[in-house]
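I opened a notebook for this structure and wrote down what I looked up, one topic at a time.

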Amino acid sequence: MAVRKILTVPDPVLKQVSTPVEAVDDELRALLDDMLETMYDAPGVGLAAIQVGVPVRALVMDVSAEGEGPAPRYFVNPEIVWHSEELSSYQEGCLSVPEQYADVDRPAEVRVSFLDYDGQPQEMHASGLLATCIQHELDHLNGVLFIDHLSRMKRDMIVRKLTKARKAEAAE
Ligand code: NI
């Protein structure tokens, strides 16, 4: 396992649409293992493969509360098969949009189908933080970031800030 580099805004790779995984094999599991380690190291609660530069439809997540111990989840080729009409709002952040947070409205509950770590088809009902996290991560697979859900003004402000921070970093 290895910690990989997390891409950040405005890296254009983050806007790519990821392709479906053809087989859950050892190569994919090695990627999932690296993603999980990278996510814990950051630390964060979710990570999509595209965030480490690999454009395949795979996510890792761990939304367990502090002190609960690790509860890693793996989602390969996830699809939302149902979502509630009711929305809920969470303050979201993203490892690819460092130190920026904003409230985003999303369906409060979702049902998601996916392949697990062993390639077995699964279906799961999610609510609360898990539902938000799944939708946030699934957006990544379609090249969508949480800031794309904000007003253009707010989004531009965040992108400008991060572009400036990156330039300053590069100049050091
Ligand atoms: Ni994110």
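Leaving aside its neighbours within four places in sequence, which residues is Gly-93 in contact with? I found Gln-100, Tyr-101, His-136 and Phe-146, where contact means heavy atoms within 4.5 Å.

**Ground rules**

I note that the model is predicted, so local features need pLDDT of at least 70 and side-chain atom pairs count only at pLDDT 80 or more, while totals for chains, interfaces and linings use all residues. Residues are numbered from 1 along each chain as its sequence is written, and side-chain values use heavy atoms, with hydrogens and water left out.

**Gly-93**

I placed Gly-93 in strand β4. Helices (H or I, at least four residues) and strands (E, at least two) are DSSP runs, numbered from the N terminus. Gly-93 is partly exposed, at a relative accessible area of 28%.

**The nickel ion**

Which residues coordinate the nickel ion? I listed Cys-94 through SG, His-136 through NE2 and His-140 through NE2, at 2.1 to 2.2 Å. Donors are N, O and S atoms within 2.8 Å of the metal (3.2 Å for Na, K and Ca); water is not among the atoms, so sites may look incomplete. I wrote the spacing of the donor residues in sequence as C-x41-H-x3-H. Cys-94 lies in strand β4 (residues 87-94) and His-140 in helix α2 (residues 128-141), so this pair ties together parts that are 46 residues apart in sequence. Cys-94 is buried, at 11% relative accessible area, and His-140 is buried as well, at 0%.

**Pockets**

I then looked up the open spaces. A pocket here is an open set of points on a 1 Å grid over the protein atoms alone, where a 1.4 Å probe fits, with protein on both sides within 12 Å along at least five of seven lines; lining residues have an atom within 4 Å of a point. Grid points are joined across faces, edges and corners, and a volume is the space filled by probe spheres set on the points.

The largest pocket holds about 420 Å³. It is lined by 21 residues, and those closest to its centre are Gly-44, Val-45, Gly-93, Cys-94 and Leu-95. I noted β4, β5 (97-107) and α2 as the elements that give two or more residues to this lining. The lining of the largest pocket divides into 10 nonpolar, 8 polar and 3 charged residues. In this count Ala, Val, Leu, Ile, Met, Phe, Trp, Tyr, Cys and Pro are nonpolar, Asp, Glu, Lys and Arg are charged, and the others, Gly among them, are polar.

The second largest pocket holds about 250 Å³. Its lining includes Lys-5, Val-9, Glu-99 and Arg-166. The elements that give two or more residues to the lining of this second pocket are β5 and α3 (152-171). Which element gives the most to the lining of the second largest pocket? I found α3, with 5 residues. This lining divides into 4 nonpolar, 2 polar and 5 charged residues.

**Aromatic pairs**

How many aromatic pairs does a search of the whole structure find? I got 2. Rings of Phe, Tyr and Trp (its six-membered ring) pair if their centres lie within 6.5 Å; planes under 30 degrees apart count as stacked, over 60 as edge-to-face and the rest as tilted.

Tyr-74 and Tyr-117 form a tilted pair, 4.6 Å centre to centre with 50° between the planes. Tyr-74 is in strand β3 (residues 73-83) and Tyr-117 in the loop between β6 (109-115) and β7 (121-127), 43 residues apart. Tyr-74 is buried at 17%, whereas Tyr-117 is partly exposed at 23%.

Phe-75 and Phe-114 form a tilted pair, 4.6 Å centre to centre with 55° between the planes. This pair links strand β3 to strand β6, 39 residues apart.

**Backbone**

I recorded a cis peptide bond from Val-9 to Pro-10, with omega near 10°. A cis bond also joins Ala-42 and Pro-43, with omega about -10°. Glu-99 has a positive phi of about 60° although it is not a glycine; Glu-99 sits in strand β5 and is exposed at 69%.

How values were computed
Buried < 20%, exposed > 50% of the residue type's maximum accessible area, 1.4 Å probe, protein only.
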